[in-house]
Amino acid sequence: MAKRDALGKKPLQVLEKIRENLEKLNEKMEIMIELQKHGKKEAQPLPEAPLDVMTLLSMPDHLRKTAMTVCRLGRATAEDVAEQTHRARAVESAYLNQLVIMGHLKKERVGRKAYFYVDREGQG
Amino acid sequence: MIALGKIIAVHSYKGGTGKTLLSLNLAATFVKYGKKVCLFDLDFRAPSLATLLKIEKTDYWLNDYLNGICEIDKVLIDLSERIHDEGKLFVGLANPTTEAIRDMSSKDRKWEMRALGRLLALKNSLVKEKGFDYLIFDTSPGLQYSSINAIVAADLVIVATTFDRSDVNGTKRMLRELYDLFEKKTEIVLNKVLYDFSPKFGKEELKAKMEDEYQVPILGIIPCFCEVLKSEGKTIFAQNRPEHPFTKILDEMAHKIDDEV
């Protein structure tokens, strides 16, 4: 009770904040792993790789499923994608961030939510 | 009955398997049963729908929509009056001029990516907002960009195939390496079937044998009808010959699709 007063928040809200921060940390780690895999320094801009059908065909199955779902939905959170693919939200979050690093998707944060989309008009 | 309309892509491995004939007659069959249908010619390398339907000029082609020049409603041509049936038939035509074919053959990956986005957007603009029951994409054969875009945007892929050995092998390869990868619901139409060549099989046996060979459902088996070939695509056969066996087979196929969705 004393701790609750000290923080001025309900324990549930605190836990929610911790979860959110852990997710952000996870995303950053995934980005670092991917950048390391591709032998790139963080300062380098992300490559732009059009998400056309031939690219989709050449992708590993697990990423294609995620990429196709974003193509269909237009703009989606990891939760939206997970709902369609019936895979865990955290798994989709990892795949979506991987697709961002590969340059196939763009990511935009609006408040607490991260939206992923294909930048069809911006490329080229 | 369905709550939301569907996009059907009619595709094949080889040319000359009867995709356009199948697409046009399937569209007319759906219209006969009161459906609101739009048929699109996505064979930009060899457009044929404009010629078949005797439409020489239009303000906007499907090419213009994919090029981002206009919205889709400018492209649609209402042919409902020609059909005299309960439903509505619209078409979106590919520009058949040499210049347009050359232009469409020289598009880059980024353009193709945008074209895919525009095809996917039809689900909203036509199916959800305008209440179309079916959008039918008549595609070009093989692994062309425009065809794969159409397949990705579709809910159901109908593959028209013949008994030609190279067609059978190519179709089997596409089932494994294309439709499966995109997790598309796929069904086969065996077209131009010469029953004389397989006297030991009845229709059901042939269907079972081919389903075993392709490992996907057979939507229909269409024998090689001389009358259909003789009509040379000058008329919409299913509309003009309602009692012909070809029309009956198309009826069965349309009902199967409607029941499935």
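Helix α8 (residues 145-153) of chain B is mostly covered, with 9 of its 9 residues buried; buried means that 20 or more other C-beta atoms, placed from the backbone, lie within 10 Å of a residue's own. Helices here are DSSP runs of H or I with at least four residues, and strands are runs of E with at least two, numbered from the N terminus.

This is a predicted model, in which local features need pLDDT of at least 70 and side-chain atom pairs count only at pLDDT 80 or more, while totals for chains, interfaces and linings use all residues. Residues are numbered from 1 along each chain as its sequence is written, with chains lettered from A and ligands numbered from 1 in the order in which they are written.

Chain B holds an open sheet of 8 strands with mixed pairing, in the order β3-β4-β2-β5-β1-β6-β7-β8; strands pair if DSSP finds at least two bridges between them. Because β3 (77-78) and β8 (218-223) of chain B each have a single partner strand, one side of each is left without a neighbour in the sheet. Strand β7 (residues 185-193) of chain B runs parallel to β8(B), joined by 4 bridges, and B:Val189 stands opposite B:Gly220.

Contact means C-beta atoms within 7 Å.

| Helix | Lies across | Angle |
|---|---|---|
| α8(B) | β1, β2, β5 and β6 of chain B | about 145° to β1(B) |
| α13(B) | β6 and β8 of chain B | about 175° to β8(B) |

Between the chains, 13 residues of chain A are in contact with 14 residues of chain B. The largest share of the chain A side, 4 residues, comes from α4(A).

Note on methods:
Buried ≥ 20, exposed ≤ 12 C-beta atoms within 10 Å, placed from the backbone. Contact = placed C-beta atoms within 7 Å. Axes fitted to C-alpha atoms, helices over the stretch in contact; angles between N-to-C directions.
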